[in-house]
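Please open the model in your viewer and keep the sequence panel beside it. The tour below goes from one selection to the next and says what is there.

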Amino acid sequence: QVQLVEFGGGSVQAGDSLRLSCTASGRTLDFYTVAWFRQAPGKERALVVNINRSGTSTYYADSVKGRFTISRDNAKSTVYLQMNSLKYEDTAIYYCAARIIGTDKYEYWGQGTQVTVSS
């Protein structure tokens, strides 16, 4: 069983930066693809970015390309989301999720961290 905990949310101004962290316990993240999802008020939860086990392959939603960067440190069982040039529309609860490589379902989820961007 993997437990995921997110850190780093907060309230910032448009144009500012934040770095979110997702740390795993219970098991290492070596064999998991890890993603960040977000859910804005009144909207469904949506995939933002993900990263494969080795960090060599990533996916970014169009809305965050060029502004967000995902990275991972498997030795620390931690995945990071660097968010630059934040916009009001980035306001959401951000969730870290993990799925075992070779599967499609994100089985493990963190509790979420709030990111609020003021315009």
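Begin by selecting Ala14, which sits in the loop between β2 (10-13) and β3 (18-25); strands here are DSSP runs of E of at least two residues, numbered from the N terminus. This is a predicted model, in which local features need pLDDT of at least 70 and side-chain atom pairs count only at pLDDT 80 or more, whereas totals for chains, interfaces and linings use all residues. Residues are numbered from 1 along each chain as its sequence is written, and side-chain values use heavy atoms, with hydrogens and water left out.

Ala14 is partly exposed, with a relative accessible area of 41% (buried means under 20%, exposed over 50%, and partly exposed in between, with a 1.4 Å probe and protein chains only). Leaving aside neighbours within four places in sequence, Ala14 is in contact (heavy atoms within 4.5 Å) with Leu86, Val117, Ser118 and Ser119.

Next, select Asn52 in the loop between β5 (46-51) and β6 (58-60), where a polar atom of the Asn52 side chain lies 2.9 Å from the backbone nitrogen of Thr56. Beyond the neighbours within four places in sequence, Asn52 is in contact with Tyr32, Thr33, Ser57 and Arg72.

Finally, select Cys22 and Cys96, which form a disulfide with their sulfur atoms 1.9 Å apart, the term being used for a pair of cysteine sulfur atoms within 2.5 Å. Cys22 lies in strand β3 and Cys96 in strand β9 (residues 92-100), so the pair ties together parts that are 74 residues apart in sequence. Both Cys22 and Cys96 are buried, and the torsion about their S-S bond is about -75°, so the disulfide is left-handed.

Definitions and conventions:
Helices (H or I, at least four residues) and strands (E, at least two) are DSSP runs, numbered from the N terminus. A polar contact is a pair of N or O atoms within 3.5 Å; within protein, one must be able to donate a hydrogen and the other to accept it, and residues adjacent in sequence count only if both atoms are side-chain atoms.
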